[in-house]
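Here are some notes on a structure, written as numbered points. Please read them with the sequence and the model open beside you.

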Amino acid sequence: MSILSPAIKSILKLRLSAIQNFVLNPIDTQKQVFNDLIGSGQYTVFGKEYDFENINTFKDFARQVPVNDYDTLKPYIDRIIHGEQNVLWNENISWFAKSSGTTSDKSKFIPISPSTLKETHYKSGQDVLALYLARHPQSQITAGKCLAIGGSHQINQLSEESSFGDLSAVLMQNMPFIGQIMRAPELSIALMDEWEAKLEAITNSVIDENITYMAVVPTWCLVLLKKILEKTGRQSIREVWPNFELYIHGGVSFAPYRDQFEEIMSARDVVFMETYNASEGFFAAQDDWDNEGMLLFLNHGIYYEFMPISEIGSEQPVTLTLKEVELGVNYALIITSNAGLWRYQIGDTVQFTSLSPFRIKVSGRVKSFINAFGEEVIVDNSDNAIKAACQRTGARVLDYTAAPVYMSQGANGAHEWLIEFDHLPVSKEVFITALDEELKAINSDYEAKRHKDIALRMPLIHQVPRGGFSAWLKSKGKLGGQHKVPRLNNDRKILEEILQCLQTAFT
(Lines give C-alpha, C1' and ligand atoms only; values in the text may rest on other atoms or scores of the structure.)
Protein backbone atom coordinates (compact mmCIF):
# COMPACT_ATOMS: atom_id res chain seq x y z
CA MET A 1 0.00 0.00 0.00
CA SER A 2 1.22 3.50 -0.82
CA ILE A 3 2.31 5.44 2.26
CA LEU A 4 0.31 8.39 0.90
CA SER A 5 -2.95 6.45 0.69
CA PRO A 6 -4.31 7.49 4.14
CA ALA A 7 -3.52 11.15 3.47
CA ILE A 8 -5.17 11.01 0.05
CA LYS A 9 -8.30 9.44 1.52
CA SER A 10 -8.46 12.22 4.11
CA ILE A 11 -8.37 14.85 1.35
CA LEU A 12 -11.12 13.02 -0.53
CA LYS A 13 -13.31 12.91 2.58
CA LEU A 14 -13.09 16.70 2.78
CA ARG A 15 -14.08 16.93 -0.85
CA LEU A 16 -17.06 14.66 -0.23
CA SER A 17 -18.21 17.08 2.47
CA ALA A 18 -18.00 19.95 -0.05
CA ILE A 19 -19.99 17.90 -2.57
CA GLN A 20 -22.70 17.23 -0.02
CA ASN A 21 -22.88 20.96 0.71
CA PHE A 22 -23.60 22.00 -2.88
CA VAL A 23 -26.02 19.09 -3.30
CA LEU A 24 -28.03 20.41 -0.34
CA ASN A 25 -27.69 24.08 -1.36
CA PRO A 26 -27.52 24.12 -5.18
CA ILE A 27 -29.14 27.49 -5.92
CA ASP A 28 -27.23 29.40 -3.23
CA THR A 29 -24.00 27.73 -4.38
CA GLN A 30 -24.51 28.89 -7.95
CA LYS A 31 -25.38 32.42 -6.79
CA GLN A 32 -22.07 32.56 -4.92
CA VAL A 33 -20.17 31.30 -7.97
CA PHE A 34 -21.91 33.93 -10.11
CA ASN A 35 -21.02 36.76 -7.70
CA ASP A 36 -17.39 35.62 -7.51
CA LEU A 37 -17.08 35.49 -11.31
CA ILE A 38 -18.60 38.95 -11.85
CA GLY A 39 -16.41 40.38 -9.09
CA SER A 40 -13.29 38.93 -10.68
CA GLY A 41 -14.23 40.01 -14.19
CA GLN A 42 -15.34 43.60 -13.61
CA TYR A 43 -11.90 45.17 -14.08
CA THR A 44 -11.00 43.21 -17.23
CA VAL A 45 -11.25 44.59 -20.75
CA PHE A 46 -14.38 42.52 -21.32
CA GLY A 47 -15.87 43.48 -17.96
CA LYS A 48 -15.45 47.18 -18.61
CA GLU A 49 -16.94 46.89 -22.10
CA TYR A 50 -20.06 45.23 -20.72
CA ASP A 51 -20.32 47.30 -17.52
CA PHE A 52 -19.84 44.48 -15.02
CA GLU A 53 -19.65 47.08 -12.27
CA ASN A 54 -23.43 47.54 -12.58
CA ILE A 55 -24.32 43.85 -12.77
CA ASN A 56 -26.01 42.80 -9.55
CA THR A 57 -28.33 40.00 -10.68
CA PHE A 58 -28.50 37.33 -13.33
CA LYS A 59 -31.14 39.41 -15.14
CA ASP A 60 -28.62 42.27 -15.39
CA PHE A 61 -26.03 39.83 -16.70
CA ALA A 62 -28.34 38.33 -19.34
CA ARG A 63 -29.46 41.80 -20.46
CA GLN A 64 -25.96 43.30 -20.75
CA VAL A 65 -23.82 40.37 -21.96
CA PRO A 66 -24.63 38.44 -25.17
CA VAL A 67 -24.45 34.68 -25.51
CA ASN A 68 -21.06 33.94 -27.10
CA ASP A 69 -19.29 31.22 -29.01
CA TYR A 70 -15.63 30.81 -29.91
CA ASP A 71 -15.84 33.11 -32.91
CA THR A 72 -17.27 36.01 -30.90
CA LEU A 73 -14.66 35.63 -28.13
CA LYS A 74 -11.78 34.92 -30.51
CA PRO A 75 -10.64 38.57 -30.83
CA TYR A 76 -10.18 38.70 -27.04
CA ILE A 77 -8.46 35.30 -26.96
CA ASP A 78 -6.07 36.39 -29.73
CA ARG A 79 -5.03 39.36 -27.60
CA ILE A 80 -4.21 37.03 -24.71
CA ILE A 81 -2.27 34.68 -27.00
CA HIS A 82 -0.17 37.65 -28.09
CA GLY A 83 0.75 38.41 -24.49
CA GLU A 84 -1.88 40.91 -23.32
CA GLN A 85 -3.38 40.13 -19.92
CA ASN A 86 -6.50 41.12 -17.98
CA VAL A 87 -8.54 40.83 -21.18
CA LEU A 88 -11.14 38.20 -20.27
CA TRP A 89 -9.97 37.23 -16.78
CA ASN A 90 -8.06 38.87 -13.94
CA GLU A 91 -5.26 36.28 -13.73
CA ASN A 92 -2.29 35.80 -16.03
CA ILE A 93 -3.13 33.19 -18.65
CA SER A 94 -0.23 31.38 -20.30
CA TRP A 95 -1.84 28.04 -21.19
CA PHE A 96 -4.41 27.20 -23.85
CA ALA A 97 -6.20 23.94 -24.49
CA LYS A 98 -6.22 23.17 -28.20
CA SER A 99 -9.28 21.45 -29.58
CA SER A 100 -11.13 20.99 -32.84
CA GLY A 101 -12.08 24.25 -34.48
CA THR A 102 -15.14 26.17 -35.44
CA THR A 103 -16.43 27.00 -38.89
CA SER A 104 -13.65 29.53 -39.37
CA ASP A 105 -10.67 27.86 -37.68
CA LYS A 106 -9.10 24.43 -37.93
CA SER A 107 -8.31 24.57 -34.21
CA LYS A 108 -9.50 26.67 -31.33
CA PHE A 109 -7.50 27.67 -28.25
CA ILE A 110 -9.40 27.72 -24.97
CA PRO A 111 -7.76 29.84 -22.24
CA ILE A 112 -6.77 27.95 -19.07
CA SER A 113 -6.26 30.18 -16.02
CA PRO A 114 -4.63 29.17 -12.70
CA SER A 115 -8.14 29.08 -11.23
CA THR A 116 -9.32 26.79 -14.05
CA LEU A 117 -6.55 24.35 -13.23
CA LYS A 118 -7.02 24.38 -9.46
CA GLU A 119 -10.71 25.08 -8.88
CA THR A 120 -12.21 23.39 -11.93
CA HIS A 121 -10.13 20.53 -13.30
CA TYR A 122 -8.05 19.37 -10.33
CA LYS A 123 -10.85 19.81 -7.80
CA SER A 124 -13.17 17.89 -10.12
CA GLY A 125 -10.62 15.12 -10.45
CA GLN A 126 -10.56 14.78 -6.66
CA ASP A 127 -14.35 14.81 -6.58
CA VAL A 128 -14.56 11.95 -9.07
CA LEU A 129 -12.55 9.76 -6.68
CA ALA A 130 -14.50 11.07 -3.67
CA LEU A 131 -17.79 10.05 -5.31
CA TYR A 132 -16.39 6.63 -6.15
CA LEU A 133 -15.11 6.04 -2.61
CA ALA A 134 -18.44 7.13 -1.15
CA ARG A 135 -20.06 4.20 -2.99
CA HIS A 136 -17.12 1.84 -2.48
CA PRO A 137 -15.71 2.56 1.01
CA GLN A 138 -13.62 -0.61 1.09
CA SER A 139 -11.78 0.36 -2.09
CA GLN A 140 -7.99 0.35 -2.18
CA ILE A 141 -7.86 2.51 -5.27
CA THR A 142 -5.57 5.10 -3.66
CA ALA A 143 -3.00 2.43 -2.86
CA GLY A 144 -2.07 2.20 -6.54
CA LYS A 145 -1.69 4.48 -9.53
CA CYS A 146 -3.91 5.91 -12.24
CA LEU A 147 -3.02 5.11 -15.85
CA ALA A 148 -3.46 8.33 -17.78
CA ILE A 149 -2.02 9.45 -21.11
CA GLY A 150 -2.18 12.86 -22.72
CA GLY A 151 -1.59 14.43 -26.05
CA SER A 152 1.55 16.35 -26.88
CA HIS A 153 2.02 20.02 -26.15
CA GLN A 154 4.12 22.62 -27.84
CA ILE A 155 5.19 26.22 -27.38
CA ASN A 156 2.84 28.71 -28.98
CA GLN A 157 4.99 30.71 -31.38
CA LEU A 158 2.69 33.74 -31.26
CA SER A 159 3.91 34.58 -27.78
CA GLU A 160 6.94 33.33 -25.89
CA GLU A 161 4.90 33.35 -22.69
CA SER A 162 2.10 31.12 -24.05
CA SER A 163 1.90 27.35 -24.49
CA PHE A 164 -0.82 25.17 -25.87
CA GLY A 165 -1.66 21.50 -26.14
CA ASP A 166 -4.42 18.97 -25.69
CA LEU A 167 -6.28 19.53 -22.42
CA SER A 168 -4.85 16.32 -20.97
CA ALA A 169 -1.33 17.50 -21.75
CA VAL A 170 -1.91 20.90 -20.15
CA LEU A 171 -3.30 19.28 -17.01
CA MET A 172 -0.41 16.83 -16.72
CA GLN A 173 2.19 19.52 -17.31
CA ASN A 174 0.81 21.61 -14.44
CA MET A 175 -0.32 18.85 -12.09
CA PRO A 176 0.64 19.20 -8.39
CA PHE A 177 3.28 16.85 -6.97
CA ILE A 178 0.82 14.51 -5.27
CA GLY A 179 -1.04 14.09 -8.53
CA GLN A 180 2.16 13.34 -10.43
CA ILE A 181 3.19 10.52 -8.10
CA MET A 182 -0.31 8.99 -8.26
CA ARG A 183 -0.27 8.58 -12.04
CA ALA A 184 1.63 6.53 -14.62
CA PRO A 185 3.51 6.58 -16.92
CA GLU A 186 6.06 9.28 -16.19
CA LEU A 187 5.41 12.68 -17.74
CA SER A 188 8.08 12.44 -20.45
CA ILE A 189 6.40 9.31 -21.82
CA ALA A 190 2.82 10.50 -21.37
CA LEU A 191 3.49 13.60 -23.49
CA MET A 192 5.46 11.98 -26.32
CA ASP A 193 4.47 13.19 -29.80
CA GLU A 194 4.77 10.05 -31.91
CA TRP A 195 1.89 7.73 -31.06
CA GLU A 196 3.46 4.40 -32.09
CA ALA A 197 6.64 5.04 -30.10
CA LYS A 198 4.54 6.41 -27.26
CA LEU A 199 2.35 3.29 -27.23
CA GLU A 200 5.41 1.06 -26.96
CA ALA A 201 6.96 3.21 -24.23
CA ILE A 202 3.75 3.33 -22.18
CA THR A 203 3.32 -0.42 -22.45
CA ASN A 204 6.83 -1.12 -21.22
CA SER A 205 6.51 1.47 -18.47
CA VAL A 206 3.22 0.42 -16.87
CA ILE A 207 3.23 -3.38 -17.08
CA ASP A 208 4.86 -3.75 -13.66
CA GLU A 209 3.04 -0.85 -11.97
CA ASN A 210 0.18 -1.34 -9.50
CA ILE A 211 -2.50 0.22 -11.69
CA THR A 212 -5.79 0.42 -9.79
CA TYR A 213 -7.70 2.71 -12.15
CA MET A 214 -7.40 4.47 -15.48
CA ALA A 215 -8.74 7.57 -17.21
CA VAL A 216 -8.21 7.31 -20.96
CA VAL A 217 -10.54 8.05 -23.90
CA PRO A 218 -12.15 4.70 -24.90
CA THR A 219 -10.74 4.58 -28.44
CA TRP A 220 -7.14 5.09 -27.34
CA CYS A 221 -7.65 2.92 -24.26
CA LEU A 222 -8.66 -0.13 -26.28
CA VAL A 223 -5.61 0.19 -28.49
CA LEU A 224 -3.34 0.47 -25.45
CA LEU A 225 -4.92 -2.40 -23.51
CA LYS A 226 -4.69 -4.73 -26.51
CA LYS A 227 -1.02 -3.82 -26.85
CA ILE A 228 -0.44 -4.58 -23.16
CA LEU A 229 -2.13 -7.98 -23.43
CA GLU A 230 -0.11 -8.79 -26.56
CA LYS A 231 3.12 -7.79 -24.81
CA THR A 232 2.42 -9.75 -21.63
CA GLY A 233 0.76 -12.76 -23.21
CA ARG A 234 -2.10 -12.42 -20.71
CA GLN A 235 -5.78 -12.93 -21.48
CA SER A 236 -7.25 -10.12 -19.40
CA ILE A 237 -6.21 -6.83 -17.80
CA ARG A 238 -6.95 -8.21 -14.34
CA GLU A 239 -4.18 -10.77 -14.94
CA VAL A 240 -1.78 -7.88 -15.56
CA TRP A 241 -3.05 -5.65 -12.72
CA PRO A 242 -4.82 -7.78 -10.06
CA ASN A 243 -5.90 -4.69 -8.09
CA PHE A 244 -7.47 -2.85 -11.02
CA GLU A 245 -11.04 -1.74 -10.16
CA LEU A 246 -12.16 1.44 -11.97
CA TYR A 247 -12.29 2.77 -15.52
CA ILE A 248 -13.20 6.47 -15.81
CA HIS A 249 -14.49 7.38 -19.24
CA GLY A 250 -15.94 10.39 -21.04
CA GLY A 251 -15.67 12.44 -24.20
CA VAL A 252 -17.44 9.97 -26.49
CA SER A 253 -20.35 7.60 -26.01
CA PHE A 254 -19.23 4.52 -24.08
CA ALA A 255 -22.13 2.32 -25.21
CA PRO A 256 -20.44 0.92 -28.36
CA TYR A 257 -17.32 0.03 -26.37
CA ARG A 258 -18.74 -1.47 -23.17
CA ASP A 259 -18.81 -5.09 -24.42
CA GLN A 260 -15.21 -4.89 -25.60
CA PHE A 261 -14.07 -3.44 -22.28
CA GLU A 262 -15.92 -6.06 -20.28
CA GLU A 263 -14.32 -8.78 -22.38
CA ILE A 264 -10.79 -7.40 -22.22
CA MET A 265 -11.00 -6.82 -18.45
CA SER A 266 -12.73 -10.13 -17.68
CA ALA A 267 -13.92 -8.87 -14.31
CA ARG A 268 -17.51 -8.25 -13.32
CA ASP A 269 -16.48 -6.11 -10.36
CA VAL A 270 -14.62 -3.52 -12.47
CA VAL A 271 -16.61 -0.29 -12.24
CA PHE A 272 -17.20 1.99 -15.24
CA MET A 273 -17.66 5.64 -14.25
CA GLU A 274 -18.84 8.33 -16.65
CA THR A 275 -17.56 11.90 -16.49
CA TYR A 276 -18.31 15.04 -18.45
CA ASN A 277 -15.30 17.23 -18.99
CA ALA A 278 -14.10 19.36 -21.87
CA SER A 279 -11.48 21.95 -22.69
CA GLU A 280 -13.87 24.58 -21.33
CA GLY A 281 -14.34 22.90 -17.95
CA PHE A 282 -15.19 19.83 -15.91
CA PHE A 283 -18.95 19.73 -15.52
CA ALA A 284 -20.23 16.48 -14.02
CA ALA A 285 -19.50 12.93 -12.93
CA GLN A 286 -21.47 9.80 -12.20
CA ASP A 287 -22.45 9.41 -8.56
CA ASP A 288 -25.28 6.86 -8.81
CA TRP A 289 -24.82 3.59 -10.68
CA ASP A 290 -28.47 2.64 -10.35
CA ASN A 291 -29.89 5.63 -12.22
CA GLU A 292 -29.04 7.53 -15.38
CA GLY A 293 -27.18 10.83 -15.25
CA MET A 294 -24.14 12.55 -13.78
CA LEU A 295 -24.02 14.88 -10.80
CA LEU A 296 -23.62 18.48 -11.97
CA PHE A 297 -20.61 20.13 -10.28
CA LEU A 298 -21.86 23.43 -8.89
CA ASN A 299 -18.95 24.91 -6.90
CA HIS A 300 -16.11 24.51 -9.39
CA GLY A 301 -15.80 28.01 -10.82
CA ILE A 302 -18.51 27.61 -13.46
CA TYR A 303 -21.92 29.27 -13.63
CA TYR A 304 -24.49 27.45 -15.75
CA GLU A 305 -27.29 28.58 -18.03
CA PHE A 306 -29.54 26.36 -20.11
CA MET A 307 -30.89 27.47 -23.48
CA PRO A 308 -34.03 25.78 -24.83
CA ILE A 309 -33.34 24.34 -28.27
CA SER A 310 -35.99 26.60 -29.77
CA GLU A 311 -33.88 29.62 -28.80
CA ILE A 312 -30.77 28.53 -30.73
CA GLY A 313 -30.07 31.06 -33.46
CA SER A 314 -32.09 33.84 -31.83
CA GLU A 315 -30.46 37.27 -31.64
CA GLN A 316 -31.36 37.55 -27.97
CA PRO A 317 -31.95 33.98 -26.81
CA VAL A 318 -33.75 33.26 -23.57
CA THR A 319 -31.76 31.11 -21.15
CA LEU A 320 -32.80 29.45 -17.92
CA THR A 321 -31.06 29.26 -14.56
CA LEU A 322 -30.73 26.06 -12.59
CA LYS A 323 -33.96 26.63 -10.63
CA GLU A 324 -35.99 26.94 -13.87
CA VAL A 325 -35.01 23.74 -15.70
CA GLU A 326 -37.25 20.72 -16.27
CA LEU A 327 -36.64 17.01 -16.56
CA GLY A 328 -36.10 15.42 -19.98
CA VAL A 329 -35.90 18.67 -21.95
CA ASN A 330 -33.02 19.30 -24.35
CA TYR A 331 -30.99 22.40 -23.46
CA ALA A 332 -27.93 23.89 -25.09
CA LEU A 333 -25.35 24.28 -22.32
CA ILE A 334 -24.12 27.83 -21.68
CA ILE A 335 -21.27 28.41 -19.22
CA THR A 336 -19.48 31.33 -17.61
CA SER A 337 -16.09 30.18 -16.36
CA ASN A 338 -13.12 31.22 -14.26
CA ALA A 339 -11.07 31.61 -17.44
CA GLY A 340 -13.25 34.40 -18.83
CA LEU A 341 -15.59 32.41 -21.05
CA TRP A 342 -18.59 34.69 -20.57
CA ARG A 343 -21.96 33.14 -21.46
CA TYR A 344 -20.16 30.68 -23.71
CA GLN A 345 -22.11 28.13 -25.75
CA ILE A 346 -19.93 25.03 -25.78
CA GLY A 347 -22.00 23.19 -28.42
CA ASP A 348 -23.38 20.33 -26.31
CA THR A 349 -26.99 19.66 -25.47
CA VAL A 350 -27.94 18.18 -22.11
CA GLN A 351 -31.02 16.81 -20.40
CA PHE A 352 -31.72 16.72 -16.68
CA THR A 353 -32.36 13.22 -15.34
CA SER A 354 -32.87 14.43 -11.76
CA LEU A 355 -33.59 17.78 -10.11
CA SER A 356 -32.71 16.72 -6.58
CA PRO A 357 -29.81 16.45 -6.81
CA PHE A 358 -29.21 18.05 -10.22
CA ARG A 359 -28.04 15.34 -12.59
CA ILE A 360 -27.57 15.62 -16.34
CA LYS A 361 -26.77 13.50 -19.33
CA VAL A 362 -25.21 14.67 -22.58
CA SER A 363 -27.94 14.33 -25.21
CA GLY A 364 -26.02 15.45 -28.29
CA ARG A 365 -24.55 18.40 -30.06
CA VAL A 366 -26.20 21.58 -31.16
CA LYS A 367 -25.18 20.66 -34.70
CA SER A 368 -25.10 17.34 -36.51
CA PHE A 369 -21.78 15.60 -35.92
CA ILE A 370 -19.72 12.41 -35.68
CA ASN A 371 -17.73 12.03 -32.47
CA ALA A 372 -17.45 8.27 -32.01
CA PHE A 373 -13.67 8.43 -31.58
CA GLY A 374 -13.12 11.95 -30.28
CA GLU A 375 -12.79 13.39 -33.81
CA GLU A 376 -15.62 15.94 -33.47
CA VAL A 377 -16.47 16.16 -37.16
CA ILE A 378 -19.33 18.62 -37.67
CA VAL A 379 -21.42 19.22 -40.78
CA ASP A 380 -19.48 22.32 -41.69
CA ASN A 381 -16.33 20.14 -41.80
CA SER A 382 -17.91 17.49 -44.00
CA ASP A 383 -19.62 19.98 -46.33
CA ASN A 384 -16.36 21.83 -46.92
CA ALA A 385 -14.38 18.61 -47.33
CA ILE A 386 -16.88 17.30 -49.90
CA LYS A 387 -16.72 20.62 -51.73
CA ALA A 388 -12.90 20.66 -51.79
CA ALA A 389 -12.70 16.99 -52.85
CA CYS A 390 -15.08 17.72 -55.74
CA GLN A 391 -12.96 20.68 -56.81
CA ARG A 392 -9.84 18.48 -56.78
CA THR A 393 -11.36 15.57 -58.69
CA GLY A 394 -14.01 17.15 -60.89
CA ALA A 395 -16.72 15.15 -59.15
CA ARG A 396 -20.21 16.44 -58.40
CA VAL A 397 -22.10 15.24 -55.33
CA LEU A 398 -25.89 15.34 -55.10
CA ASP A 399 -26.28 14.21 -51.54
CA TYR A 400 -24.51 12.29 -48.79
CA THR A 401 -24.70 10.96 -45.27
CA ALA A 402 -22.08 9.45 -42.97
CA ALA A 403 -21.87 7.49 -39.74
CA PRO A 404 -19.19 5.70 -37.70
CA VAL A 405 -18.01 2.13 -38.07
CA TYR A 406 -17.06 1.14 -34.53
CA MET A 407 -13.89 -0.66 -33.58
CA SER A 408 -14.05 -4.45 -33.66
CA GLN A 409 -11.63 -7.16 -32.66
CA GLY A 410 -10.27 -7.29 -36.21
CA ALA A 411 -10.21 -3.69 -37.30
CA ASN A 412 -10.02 -0.10 -36.16
CA GLY A 413 -12.87 2.36 -36.60
CA ALA A 414 -13.81 4.30 -39.71
CA HIS A 415 -16.37 6.66 -41.17
CA GLU A 416 -18.81 5.07 -43.60
CA TRP A 417 -20.21 7.38 -46.27
CA LEU A 418 -23.18 7.00 -48.60
CA ILE A 419 -22.70 9.42 -51.50
CA GLU A 420 -24.96 10.02 -54.48
CA PHE A 421 -22.84 11.39 -57.31
CA ASP A 422 -24.08 13.36 -60.25
CA HIS A 423 -20.68 12.92 -61.89
CA LEU A 424 -17.61 10.94 -60.86
CA PRO A 425 -14.82 11.26 -63.46
CA VAL A 426 -12.21 9.54 -61.28
CA SER A 427 -12.14 6.21 -59.48
CA LYS A 428 -13.97 5.98 -56.18
CA GLU A 429 -10.63 5.37 -54.46
CA VAL A 430 -9.19 8.67 -55.76
CA PHE A 431 -12.22 10.54 -54.42
CA ILE A 432 -11.94 8.80 -51.02
CA THR A 433 -8.31 9.86 -50.73
CA ALA A 434 -9.18 13.45 -51.60
CA LEU A 435 -12.05 13.53 -49.09
CA ASP A 436 -9.86 12.07 -46.36
CA GLU A 437 -7.07 14.58 -46.98
CA GLU A 438 -9.48 17.51 -46.97
CA LEU A 439 -11.02 16.41 -43.66
CA LYS A 440 -7.53 16.19 -42.17
CA ALA A 441 -6.79 19.73 -43.34
CA ILE A 442 -10.02 21.09 -41.86
CA ASN A 443 -10.25 19.22 -38.54
CA SER A 444 -7.19 18.71 -36.34
CA ASP A 445 -8.90 16.09 -34.14
CA TYR A 446 -9.84 13.98 -37.18
CA GLU A 447 -6.26 14.35 -38.41
CA ALA A 448 -4.93 13.06 -35.07
CA LYS A 449 -7.25 10.04 -35.05
CA ARG A 450 -6.28 9.17 -38.64
CA HIS A 451 -2.55 9.29 -37.89
CA LYS A 452 -1.14 5.98 -39.13
CA ASP A 453 -4.64 4.43 -38.93
CA ILE A 454 -4.27 4.02 -35.17
CA ALA A 455 -7.90 4.84 -34.28
CA LEU A 456 -9.48 5.59 -37.67
CA ARG A 457 -8.70 3.87 -40.95
CA MET A 458 -9.54 5.24 -44.40
CA PRO A 459 -13.18 6.20 -44.96
CA LEU A 460 -15.52 3.67 -46.54
CA ILE A 461 -17.67 5.01 -49.37
CA HIS A 462 -20.72 3.44 -51.00
CA GLN A 463 -21.92 5.00 -54.24
CA VAL A 464 -25.67 5.47 -53.95
CA PRO A 465 -27.69 4.85 -57.17
CA ARG A 466 -29.29 7.92 -58.71
CA GLY A 467 -32.50 8.62 -56.82
CA GLY A 468 -31.48 6.48 -53.87
CA PHE A 469 -31.83 9.13 -51.19
CA SER A 470 -35.16 10.22 -52.64
CA ALA A 471 -36.37 6.64 -52.39
CA TRP A 472 -35.45 6.56 -48.70
CA LEU A 473 -37.12 9.90 -47.97
CA LYS A 474 -40.24 8.68 -49.79
CA SER A 475 -40.28 5.52 -47.69
CA LYS A 476 -40.26 7.71 -44.59
CA GLY A 477 -43.05 9.95 -45.89
CA LYS A 478 -40.60 12.85 -46.05
CA LEU A 479 -40.11 13.41 -49.76
CA GLY A 480 -40.21 17.09 -50.68
CA GLY A 481 -40.81 20.16 -48.57
CA GLN A 482 -38.15 20.95 -45.97
CA HIS A 483 -37.19 17.32 -45.41
CA LYS A 484 -33.61 16.39 -46.18
CA VAL A 485 -31.08 13.64 -45.62
CA PRO A 486 -29.18 14.02 -42.32
CA ARG A 487 -25.56 14.75 -43.15
CA LEU A 488 -23.82 13.24 -40.12
CA ASN A 489 -24.98 10.86 -37.43
CA ASN A 490 -23.13 9.65 -34.36
CA ASP A 491 -24.82 6.24 -34.53
CA ARG A 492 -25.60 3.90 -37.41
CA LYS A 493 -29.40 3.85 -37.23
CA ILE A 494 -30.15 6.13 -40.20
CA LEU A 495 -27.30 4.79 -42.33
CA GLU A 496 -28.51 1.22 -41.82
CA GLU A 497 -32.07 2.28 -42.69
CA ILE A 498 -30.87 3.83 -45.94
CA LEU A 499 -28.77 0.79 -46.85
CA GLN A 500 -31.77 -1.47 -46.28
CA CYS A 501 -34.00 0.78 -48.36
CA LEU A 502 -31.47 0.83 -51.21
CA GLN A 503 -31.22 -2.93 -51.17
CA THR A 504 -35.01 -3.23 -51.45
CA ALA A 505 -35.46 -0.49 -54.06
CA PHE A 506 -32.56 -1.28 -56.37
CA THR A 507 -32.30 -5.08 -56.39
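1. Strands (E, at least two residues) and helices (H or I, at least four residues) are DSSP runs, numbered from the N terminus. Strand 19 covers residues 414-423 and runs antiparallel to strand 18, with nine bridges joining the two. Two strands count as paired if DSSP finds at least two bridges between them. Strands of a sheet pair through backbone hydrogen bonds, either parallel or antiparallel.

2. A word on the source of these values. The model is predicted, so local features need pLDDT of at least 70 and side-chain atom pairs count only at pLDDT 80 or more, while totals for chains, interfaces and linings use all residues. Residues are numbered from 1 along each chain as its sequence is written, and side-chain values use heavy atoms, leaving out hydrogens and water.

3. Which order do the three strands of the open sheet have? The order is 18-19-20, and the pairing is mixed. Strand 18 (396-405) and strand 20 (460-463) are the edge strands, each pairing on one side only. From one strand to the next, the twist averages 20°. Helix 17 (residues 468-475) packs on this sheet and touches strand 18 and strand 19; contact means heavy atoms within 4.5 Å. The direction of helix 17 makes about 110° with that of strand 19. Axes are lines fitted to C-alpha atoms, for helices over the stretch in contact, and angles run from 0 to 180 degrees between N-to-C directions.

4. Next, look at T319, in the loop between strand 12 (302-308) and strand 13 (331-337). Is T319 buried or exposed? T319 counts as buried because its relative accessibility is 9%; buried means under 20% relative accessible area, exposed over 50%, and partly exposed in between (1.4 Å probe, protein chains only). The side chain of T319 makes polar contacts with the side chains of E305, at 2.6 Å, and R343, at 3.1 Å. A polar contact is a pair of N or O atoms within 3.5 Å; within protein, one must be able to donate a hydrogen and the other to accept it, and residues adjacent in sequence count only if both atoms are side-chain atoms. Not counting residues up to four places away in sequence, T319 also touches others, including F58, V67 and I334.

5. The structure holds 28 salt bridges, each a side-chain nitrogen of Lys or Arg within 4 Å of a carboxyl oxygen of Asp or Glu. One of them joins R359 and D288, with the closest N and O atoms 4.0 Å apart. This pair links distant parts of the chain, 71 residues apart: R359 is in strand 15 (residues 358-365), and D288 is in the loop between strand 10 (281-285) and strand 11 (294-296). R359 counts as buried at 13% relative accessibility, and D288 counts as buried at 11%. Both belong to a network of salt bridges that links R135, D287, D288, D290 and R359.

6. Finally, consider R392. Its side chain meets that of E437 in a salt bridge (2.7 Å, N to O). R392 lies in helix 14 (residues 379-393) and E437 in helix 15 (residues 428-442), so the pair ties together parts 45 residues apart in sequence. The side chains of R392 and E438 also meet in a salt bridge (3.1 Å, N to O). R392 is partly exposed at 47%, as is E437 at 36%, whereas E438 counts as buried at 17%.
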